[in-house]
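Hi there,

Here is the structure I promised to pass on. Have a look first, and my notes follow below.

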Amino acid sequence: LLRRSTPLHSREHAPLKTLIPAAALPATAMDTGVPALPLNPVIAAMFRHLGLDPAEVEGFLSYTHYALPEPPVTADARLFALLPGDSVDRLSRLPDALLGNIVSRIPVKDAARTAALSRRWRGVWRSAPLVLVDSHVHPAGTAYAQRVTCAVSRVLAAHPGPFRCVHLTESPLLAGWLQIVAGKGIQELVLVNRPWPLEIFLPSTFLGMETLTRLYLGLWVFPVTADLPRATCFPNLLELGLCNVIMKSISDLDFILDRSPVLETLCLEGEMFEHCIRLVSQSLRRVQIIGCWVEEIFVVDAPCLERLIQSGGWSPEDHDGNRTKVKIGHAPKLHMLGYLELDPGHVLEVGNTIIKAGARVSPSTMVPSVGILALEVRFGVRNHAKMVPNVLRCFPNVETLHIKVKSPKLLLSSVCAMVLSVADELHVHLTDQIFSLRKPIGPLAS
């Protein structure tokens, strides 16, 4: 259900030191599922000068990069112009459209080298939609950042576009790149601000790139959308990811959702919102909100929403241990929901009713479309465990139930007894303190 779950909280917008949550970093270092992102010596020295531990910064950046999608090409494969023992060049006989398709599916360095194969290939790479990944253009080593910057600049200047995909995540970004990239007809764009500090505003020109189908941004300050023209939109955007992007106003997210008529996937990680995330979209199908500071997640009107994954959420008013509130309004197709933290500080509201221990369950408080539910429960605390029966009764058609237990010393039989008191037809399986409870047929017992 989740790719990561470490909360990134206790952030502020102004000082650089507060952008790295001290409470989250040790957990990041211990999580072997998140590969480390090494800092080059120059960047590490810069953070030391700012009074920061490069190892802690490395852990924080690792989570940002872990949330990014993989490039559609790899630089690890070896390419051969001819098969062993075959002297016939069959590739050059293919139509231009197929040659362009081949070039657009290999790393940009190899795509440029095809021009040296023969006169037939000379103009192919300039007319093919390229994949530009900055980590592919030069091997790591001495003066790595400077060499990558020069190589990326040459590619952007030499190729007229369009670009199938552009990943700029490893090299210090030049201001000139941002304007050039905006006019290259890019379909997929992953853009991480390197190096810090986070005082660079994303140019507003990015909020009018009509060719984009996928956009992931990391470590930027989001532009103020109130100053943008009303006609600004992403008519073809299908997937949006914001990773540790500072938004001055929650209305900025509302603006993006409203101007993305075909958006299907929304991923938010490490964001900080002052009040409430309001999901109003006629196209959204999948939403993942990880480690965000937000008071409330309110599914207002999302008729196509199928998956809502939320974990590690913290309320800005977290003085009493309050977690992010989850409120479900109109989501008739919602099939997967989690992780719901069952403790008094966490609030689940269905319709206009807050679900808690002893609350009366009625048809208006049920979400019959949910078939997969994930809960996080501290069974060792009586008031937390008492919420399980009422929450399960709100989802009468659940077929798969994942329970992440916060009290690992509890016996399996004790946990099962609580759950089976509500649904005695479930089969229990324990893996890494996560219970997968499956019911073959029929609704959960009420």
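Let me begin with Cys-292, which counts as buried because its relative accessibility is 1% (buried means under 20% relative accessible area, exposed over 50%, partly exposed in between, with a 1.4 Å probe and protein chains only). Before going on: this is a predicted model, where local features need pLDDT of at least 70, side-chain atom pairs count only at pLDDT 80 or more, and totals for chains, interfaces and linings use all residues. Residues are numbered from 1 along each chain as its sequence is written, and side-chain values use heavy atoms, with hydrogens and water left out.

Back to the cysteines. The structure holds 0 disulfides, a disulfide being a pair of cysteine sulfur atoms within 2.5 Å. Cys-292 is in none, and its nearest cysteine sulfur, on Cys-267, is 8.4 Å away. Cys-165 is also buried, because its relative accessibility is 0%.

Next, helix α9 (residues 251-258): Asp-252, Leu-253, Phe-255, Ile-256 and Leu-257 are buried there. Among the elements covering these α9 residues are the strands β5 (239-243), β6 (265-269) and β7 (276-280), with contact meaning heavy atoms within 4.5 Å. Helices (H or I, at least four residues) and strands (E, at least two) are DSSP runs, numbered from the N terminus.

As for rings, the charged end of Lys-327 sits over Phe-298, 4.4 Å from the ring centre (the criterion is NZ of Lys or CZ of Arg within 6 Å of the ring centre and within 35 degrees of the ring normal).

Finally, an unreviewed UniProt entry lists residues 88-124 as "domain: F-box"; such annotations may be inferred rather than shown by experiment. In the model, that span is 41% helix and 0% strand, with its end C-alpha atoms 20 Å apart.

Best wishes
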